[in-house]
Amino acid sequence: MLVQFTVENFLSFKDPATLSMAASKRRSKNKSLDVNATFEGAFGIKLLKSATVYGANASGKSNLISAVRFMKRFVIESSKESLADDKILVKPYRLSEETESKPSKFEIVFIKSGALYQYEFSADHSLIQEERLTRRSQKTNVDQVLFSRIGNEYTIEKSFSEGKGLQKKTRKNALFLSVCANFDGQISTEIIRWFRNLRVISGLSDSGYLNFTIDQLEDSVAGKKIGDLLKDFDLNIERFESNTIKQSLALDGEIPEDLRPLADALKNMKETTVKKVSTYHRRFDSEGVEAGEVAFDLKSDESEGTQKLVAMSGPLVDTLENSYVLLIDEFDARLHPIISKNIIKLFNCAEVNSKNAQLIVATHDTNLLDHDLLRRDQVWFVERDYFGASHLTSLVEYKGVRNDASFEKDYIIGKYGAIPVLGDIKRVFGSGRVASKSSLTSE
């Protein structure tokens, strides 16, 4: 269960920006929403099941998702020997002279197995500058720093005995937590497992998770749930079938000089395996009587929207079934607004989301800004200031917003900011061109 995530000096975020999934004490006009969209976590912390992030193009929405993705990957992979000589791929805020040479900072707070963890680190391109892990157990209900690190100086508590002696095995560009997990530390391994189950996907490209969905379709239980979910999305598809085929590689025509080494390497690969999904539709005769079914290829015969929904259905079902956290960038791309709204409803439903999975989406879909669908603390805005730095603000922080307010209307008219401020587009074409066009059409 995610409680909050904070990033500082990374991409467009110069100052600390915190996305919190902790529910506020504000009540909704729709009382059932307060029940369905929240749940009780450990230590009496009430958490949200979903959150939406809005902002103009280039405001920093995707950068927020990218920061989570970076933290996840670095926590899992930083101790790999293959990365021993690599730079740390942090991207500090570049529009200020004071931040370019400073470290990027990441902090995440989450609940795992009844314990509350706070894990943070800061890093520049060459080394981990600081790292710290804090835990609050239900037994003591007291925050305890399990280990802290400043450069090469470590402080390790007795309760984190798994870390003893591993300081010298930790490279300057690797996280101590990751190293401890490599040596099968109980606490560190549990934390790494939580990060692995933190799912981050893009709504613009399906390639990263379509294969996962295909694997899920091959499982009888998960496959049925995915099929039922997709039927409810009204795609006019009766059933799905996944299969793995062998495909020969053929390189025809003249190959450019700079690509010949790659081509020579590919020639040694006689064939590769490709996972495919077939969608089956009903077929009718001339009298309108059902006459069997016809198979379509998902990638070549179905619409972009259908392809996205099929690919995304696997992570959605997996997240709901296993109480994971799922972040989706460009959530609304290629989706009908009604489908987007119903995906949010899946998570804001006590019956469907009984295991308290969490969904966070970056979106432009103002159709979701409905006080019957989202509480104010489920709506976040990202906006860039005059200096190009992104700032993250929750709707609950705005004063004077009524329970029955039209969130969508107020957002569109700029009451909350985080919208594009357009110039006079007509001047791009110039009055001379307009006049010239008019004279041509009059002739």
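A cavity, worked out on a 1 Å grid over the protein atoms alone, is a set of points where a 1.4 Å probe fits but cannot get out, and its lining residues have an atom within 4 Å of a point. Grid points are joined across faces, edges and corners, and a volume is the space filled by probe spheres set on the points. This is a predicted model, in which local features need pLDDT of at least 70, side-chain atom pairs count only at pLDDT 80 or more, and totals for chains, interfaces and linings use all residues. Residues are numbered from 1 along each chain as its sequence is written, and side-chain values use heavy atoms, with hydrogens and water left out.

The structure holds two cavities of 30 Å³ or more, and the largest cavity contains about 90 Å³ of space. Its lining is made up of 14 residues, of which Arg27, Ser28, Arg375, Arg376 and Asn403 are the closest to its centre. By class, this lining has three nonpolar, four polar and seven charged residues, where Ala, Val, Leu, Ile, Met, Phe, Trp, Tyr, Cys and Pro count as nonpolar, Asp, Glu, Lys and Arg as charged, and the others, Gly among them, as polar.

The second largest cavity, with a volume of about 60 Å³, is lined by nine nonpolar residues and by no polar or charged ones. Among them are Leu2, Phe5, Leu64 and Val68.

Finally, is Serine 278 buried or exposed? Serine 278 is buried, because its relative accessible area is 15%, and buried means under 20% (1.4 Å probe, protein chains only).

Definitions and conventions. 1 Å grid on protein atoms, 1.4 Å probe; cavity = no way out; pocket = protein on both sides within 12 Å on 5 of 7 lines; lining within 4 Å. Buried < 20%, exposed > 50% of the residue type's maximum accessible area, 1.4 Å probe, protein only.
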